[in-house]
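Please read the points below beside the sequence and the coordinates.

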Amino acid sequence: MKRYLRYIALLMAASLAGVCAASAQQAEIYIDKLYEAEGYRMVAATPQYERNGAFDSGPIVALGVSVQTYTDGTTPPTLCLHIIYSAATGFAIPKGGTILLKLSDDTVIELHNLLETEQTIDRTGTYHAAYGMTQHQNQAKTAITPEQIRDISEKGIIKIRTELENAHFDLKYRKPKFRNILQQQYDLIEAALATRTGDIREGF
């Protein structure tokens, strides 16, 4: 659990660094590590932000793909989508809570949060003196399929609905967002898995 929480902290720090430079981001691997004792390897791309404009109302969302493979040779890889909500306040997304993604052709992808409710909320936030504001990096983690990644990348997202503990909220985009981003992340991860082991001893 402690190792997983450190991973989440790294993921959130990476996403926070990209809030003000969303349009300039390129897909990149942020974590590629073999955890021998636990029997798995984690490869994750830095979550990338998309925003409506310079003065978004509501949270700004970043999406990032990760793959976890297992050394036992029998457990299938786990493909996940990490959703980061950079917001002025902290909020919790219940475990099992629904997240709906509407694509530009009005098809809907339904996802469900895998994290414990308490893991989704950033209660403290990070204060940015230059902007005189505190940002909270709330998050969800869901299972996703390669086909869903392809659909999102080809069509783009026009609306996100997120279930909270006692309500839900919508984010609407004026133009389709997240086109190509997730596919680029997934392709980078697949290339990393095919060409290196994630072992610290590799190439030493």
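1. R150 counts as partly exposed, at 38% relative accessibility; the class lies between buried, under 20% relative accessible area, and exposed, over 50% (1.4 Å probe, protein chains only). The side chain of R150 meets that of D151 in a salt bridge, 3.8 Å from N to O. A salt bridge here is a side-chain nitrogen of Lys or Arg within 4 Å of a carboxyl oxygen of Asp or Glu.

2. The model is predicted: local features need pLDDT of at least 70 and side-chain atom pairs pLDDT 80 or more, while totals for chains, interfaces and linings use all residues. Residues are numbered from 1 along each chain as its sequence is written, and side-chain values use heavy atoms, with hydrogens and water left out.

3. Four strands form an open sheet in the order β7-β6-β10-β11, with antiparallel pairing. At the edges are β7 (108–112) and β11 (168–177), each of which pairs on one side only. On average, neighbouring strands of this sheet are turned by 15° against each other, direction ignored. Strands are DSSP runs of E of at least two residues, helices runs of H or I of at least four, both numbered from the N terminus; two strands pair if DSSP finds at least two bridges between them. Axes are lines fitted to C-alpha atoms, for helices over the stretch in contact, and angles run from 0 to 180 degrees between N-to-C directions.

4. Five bridges join β6 (residues 98–103) and β10 (residues 157–163) in the antiparallel sense. K102 has K159 in β10 as its bridge partner. Helix α2 (residues 146–155) packs on the sheet and touches β6, β7, β10 and β11, contact meaning heavy atoms within 4.5 Å. The direction of α2 makes about 45° with that of β6.

5. The side chain of K159 also meets that of D170 in a salt bridge, at 3.6 Å from N to O. D170 lies in strand β11 and K159 in strand β10, so this pair ties together parts 11 residues apart in sequence. D170 is partly exposed, with a relative accessible area of 29%.

6. How many salt bridges does the structure hold? The count is 10. One of them joins the side chains of K95 and E116 at 2.8 Å, N to O. Because K95 lies in the loop between β5 (78–87) and β6, and E116 in the loop between β7 and β8 (126–128), the pair ties together parts that are 21 residues apart in sequence. K95 is partly exposed at 48%, and E116 is partly exposed at 41%.

7. D32, R41 and R196 are linked in a network of salt bridges.
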